[in-house]
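Let's take a friendly walk through a protein model and look at how its side chains meet. Keep the 3D view open as you read.

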Amino acid sequence: MVNQTYLAAFVLYLLIVLAIGAWGYLKTNTKDDFWVYGRNLGKWLATWSLVANFFSAVAAIGVIGEFSKTGYAIMVGVNFGLALGMSGLYFVSHKIRELNKVTLSDIVANVTGRQYARPVTGLLLLSNAWVYLVIQLVGASVLVTEITGVPYEYMVWVIGLVFIVYTVLGGLVSVAWTDLLQGTVMVALMTIAVVYLVTDLGGLTAMNQQFAAIDPSNVTPLGGGSYTLITIVSSIVAFFGTIFTGQNVIIRINATKDIETTKFHIAAGGVIIAMFLVVTSLLGAETGVALHNAGISVSNTDRAFPVLIMRVLPTTLGTIVILGIMSAILSTTDTRLHSIGVTLTRDIYDYFNPDTSDAHQLKISRAATIGFGLLATAISASPPGSIFDLYDFRAVLLTTGLLVPVYVALYWRGIDGRVILSSMVLGAVFGIGTKLTGGTLLGVPATILGVGIAVLVLLAGQVVIGQSSRTTPVN
């Protein structure tokens, strides 16, 4: 049965973001406007765009659901890695902005001295953005289907088409301003939900005691043996790396109007993000306790929080929480759509067609956004795994392929470009290959193995290249 109240709130929300998209279209006149906001992104707009992009279906549904099932070990492995990454990014962001590029692939081409690095890196980033886009569409559709009663197979297409339209219209202009709206709504309304649930469950101490009573492993750092120290370290490294290697993060840094703005938005955004990581962690524990107290069992963790909204929370509060969750999910959906269009055009199409005009590249960006958006929507209609599983996969992909070689090369310019590219490719191959074949090789987690291979290739490759250059006769 369709819930008219929730459906009306959702429709109104979509109409608002579409209106912002139409306004953004009027402000988007050039390729740079579409790609990087004309390199004029201000402090607070950049800050809230970063915050809104950071929290997605993963945080709003995937992590909360996983947290409700496995407890605080998720916070140790995932949230700590993300918070550590934000802190580290602050100290390297000026190096990124000084290069005055557009994408991470541009930076890789710069540090390697080889332009063919752009499409190689672009393929990695395109794969990541596409997987993440699927995550957002699945999360949004699961939520809206659960609360409105509209069948999933219809809702996923409605959401996909709406966000394709407004992202195509205004590019980063539309994305940044909708992020400002969605970021503030998300933080405010989800915080209200946390306060209500903590109060309803008897306070923070009582809630944690109930969470521990369900299963003592819920409140232990390693999940009562479910995780080992090496798997936790691997998780921290994987999610730490995603902050440095996310195309959307690099594009926003390069969209800021100066280095002062770059530093400000990462520092201010980092504080808000750290606080909100606590909010999502508490919501996970509260969801586990509230569902248990209500005698409700949910086998699919992605459905845990939506079920809580529908069957436990009062309707008014449920509507508030839904708007907060939708803000978290949809602000990331548009960002990934935008990143896909920029990545395909700048990193791949422009490499093979370097003499095309800016107007033509703008058309290609919009066409790529539409094409990959529709493809992701079709895949989301029958997703290949849970939200958290997909999130973990893309973390391994980004970190093993890009973290070590790119940032070592950014500071140590003496490394041969061929060695950097070999480190990227082999790190990603070993990391993703191990992830797809069980997650470990000889007891070593995929992330640790991939990063280790990347480091070894950098060191060994540089030694070999160095010896070769010393033994090559000079004519």
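## Salt bridges across the chain

A salt bridge is counted when a side-chain nitrogen of Lys or Arg is within 4 Å of a carboxyl oxygen of Asp or Glu. Lys43 and Glu260 meet this rule, with their closest N and O atoms 2.9 Å apart. Because Lys43 belongs to helix 3 and Glu260 to helix 12, the pair ties together parts that are 217 residues apart in sequence. Helices here are DSSP runs (H or I, at least four residues), strands are DSSP runs too (E, at least two), and both are numbered from the N terminus. This is a predicted model, in which local features need pLDDT of at least 70 and side-chain atom pairs count only at pLDDT 80 or more, while totals for chains, interfaces and linings use all residues. Residues are numbered from 1 along each chain as its sequence is written, and side-chain values use heavy atoms, with hydrogens and water left out.

How many salt bridges does the structure hold? It holds nine. Another of them joins the side chains of Asp179 and Arg252, at 2.9 Å from N to O. Asp179 sits in helix 8 and Arg252 in helix 11 (residues 247-255), so this pair ties together parts that are 73 residues apart in sequence. Lys435 and Asp392 also meet in a salt bridge, at 2.3 Å from N to O. That pair links distant parts of the chain, with Lys435 in helix 17 (residues 417-436) and Asp392 in helix 16 (residues 387-411), 43 residues apart.

Lys43 has 31% relative accessibility, so Lys43 is partly exposed. Lys435 is partly exposed, with a relative accessible area of 26%.

## A network around Asp350

Salt bridges that share partners join Asp106, Arg118, Arg346 and Asp350 into one network. Asp350 is found in helix 14 (residues 315-352), and its relative accessibility of 8% makes Asp350 buried. The side chains of Asp350 and Arg118 are also joined by a polar contact of 2.7 Å. Such a contact is a pair of N or O atoms within 3.5 Å; within protein, one must be able to donate a hydrogen and the other to accept it, and residues adjacent in sequence count only if both atoms are side-chain atoms.

Which residues does Asp350 touch, not counting residues up to four places away in sequence? They are Arg118, Thr345 and Gln361, where contact means heavy atoms within 4.5 Å.

## Rings that pair

Rings of Phe, Tyr and Trp (its six-membered ring) pair if their centres lie within 6.5 Å; planes under 30 degrees apart count as stacked, over 60 as edge-to-face and the rest as tilted. By this rule the count comes to eight aromatic pairs. One of them is Trp23 with Trp177, an edge-to-face pair at 5.7 Å centre to centre, with 85 degrees between the planes. This pair links distant parts of the chain, since Trp23 is in helix 1 (residues 4-27) and Trp177 in helix 8 (residues 152-200), 154 residues apart. Trp23 is partly exposed at 36%, and Trp177 is partly exposed at 32%.

Trp44 and Phe264 have ring centres 5.1 Å apart and planes at 85 degrees, so this pair is edge-to-face. Trp44 lies in helix 3 (residues 43-54) and Phe264 in helix 12 (residues 259-293), 220 residues apart. Ring pairs also link Phe67, Tyr72 and Phe211 into a cluster.

## The nonpolar core

In soluble globular proteins, nonpolar side chains tend to be buried together. A nonpolar core is a set of buried Ala, Val, Leu, Ile, Met, Phe, Trp, Tyr and Cys residues joined through side-chain atoms within 4.5 Å. The largest one has 127 residues, of which Met190, Ile309 and Ile325 touch the most other members. Helix 7 (residues 117-148) gives this core its largest share, 17 residues.

Terms used: Buried < 20%, exposed > 50% of the residue type's maximum accessible area, 1.4 Å probe, protein only.
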